[in-house]
Amino acid sequence: MIKKSIALSIGCFLFSTASWAGENLFGYVTEADVLPKGALEGYVWMTHHEGKDSGTHYSADRMRMELEYGLSDQWHMAGYLNAYRHNYSNFVEHGSAVRADGKAGYDSEGFKLGGVQLEFKRMFLSPAKDDFGLSIYIEPGYFWIDPVTGENIEAYELETKLIVQKYWWDGQLVWAGNLTAEIETSRNKTDGSKLFGFSPKATTGLSYRFADGWYAGIEAHLDQDIDWTKEKGLPEVGPTVNHWDMWAGPTIHYGSKDWWATLTVFSQVSGSPVDGAVNRNLHLVDHEMRETRLKIGYNF
């Protein structure tokens, strides 16, 4: 009877953790699990950005449609289509009184498709089977819309991640962490300026199952950008630390057999300011005061 109870408990645990393979308990932290071989899942990401140090008002929505497929029990791949909606007036990206080309601040309102990405994830250790999860993640991308301003650009990006994950108390408490390195090269088609950037990042999250299908937790994120820039008619500048910023916020997740949803509200805690007297020691050029992200997934 004891052996049967132990076997049943292990079976239930493996079944429950397997159902997490496609679920995202966090809005910003990537987890170590991969989809099982042959599994297919669709996602929609919606992130609302608000709060800048420039312009009469600024808001933007970044949307991502994702399709993920399990190549094997250790590999999965995914494809993303990105879109943006901007609504702002008198906005200048770099916090100056005028744009780099001498014109007045930007005004924009509209929806645009803006980029495509591929994702490849390799799981070396499973958090369910090996007691500790370890994966690597590679994501190349191409973008033709600037996510901050909505301008036309030509940008190539490569993002890599080291992912770790741990379960406690039969999966009731879940921790995950990411170390990310991102490189990007872009050209602004409006003024001809060029940028090469390197961004190291660290992200972590802790989530607790408080009811069947329900998790609540917290996430935190530290980001830094190191840039080489070349504006038209000016000498190349770099490498320089463009900015750094730190984020934190609550997250809540619900998952059922066929679908799941995760909501995270992120607030910028601290950052390198352009003008400390104006933006209270926050970086509000490349980022905003608040981000709200909703992710919805469906298992096919």
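Is Arg-187 buried, partly exposed or exposed, and what is its relative accessible area? Arg-187 is partly exposed, with a relative accessible area of 31%. This residue belongs to a predicted model of a chain with two helices and twelve strands.

**Overall layout**
- Starting at the N terminus, the elements follow the order α-β-β-β-β-β-β-β-β-β-β-β-α-β.
- Of the 300 residues in the chain, 45% are buried.
- Among contacts with a separation of 6 or more, 61% are between residues 24 or more positions apart.
- The chain exposes about 14800 Å², and carbon and sulfur atoms supply 63% of that area.

- The mean pLDDT of the chain is 82, and 79% of the residues score at least 70.
- Confidence is highest in strand E5 (residues 133-145), at a mean of 95, and lowest in helix H1 (residues 2-19), at 40.
- Residues 1-20 have a pLDDT below 50, and this stretch has 14 contacts in the model beyond near neighbours in sequence.
- Residues 94-107 also stay under 50, with 24 contacts beyond four places in sequence.

- Strand E6 (residues 152-168) runs antiparallel to strand E7 (residues 173-188), and 16 bridges join them.
- Ile-153 has Asn-188 in E7 as its bridge partner.
- Four residues lie between the strands in the E6 and E7 hairpin, where Trp-169 takes a positive phi near 55 degrees.
- E7 is also antiparallel to strand E8 (residues 194-211), through 15 bridges.
- Thr-185 stands opposite Phe-196 in E8.
- The hairpin of E7 and E8 has five residues between the strands, and Gly-192 there has a positive phi near 80 degrees.

**Salt bridges**
- Arg-187 and Glu-154 meet through their side chains at 3.4 Å, N to O. Because Arg-187 lies in strand E7 and Glu-154 in strand E6, the pair ties together parts that are 33 residues apart in sequence. Glu-154 is partly exposed, at a relative accessible area of 27%.
- Lys-201 pairs with Glu-182, with the closest N and O atoms 3.1 Å apart. This pair links Lys-201 in strand E8 to Glu-182 in strand E7, 19 residues apart. Glu-182 has 10% relative accessibility, so it counts as buried.
- Lys-166 forms a salt bridge with Asp-131, where the closest N and O atoms are 2.9 Å apart. Lys-166 sits in strand E6 and Asp-131 in the loop between strand E4 (106-125) and E5, 35 residues apart. Lys-166 is buried, with a relative accessible area of 15%.

Key. Residues are numbered from 1 along each chain as its sequence is written. Side-chain values use heavy atoms; hydrogens and water are left out. Buried means under 20% relative accessible area, exposed over 50%, partly exposed in between (1.4 Å probe, protein chains only). Contact means heavy atoms within 4.5 Å. Accessible areas come from the Shrake-Rupley method with a 1.4 Å probe; for residues, only the protein chains shown count as cover. Two strands pair if DSSP finds at least two bridges between them. pLDDT is the predictor's confidence in each residue, from 0 to 100. A salt bridge is a side-chain nitrogen of Lys or Arg within 4 Å of a carboxyl oxygen of Asp or Glu.
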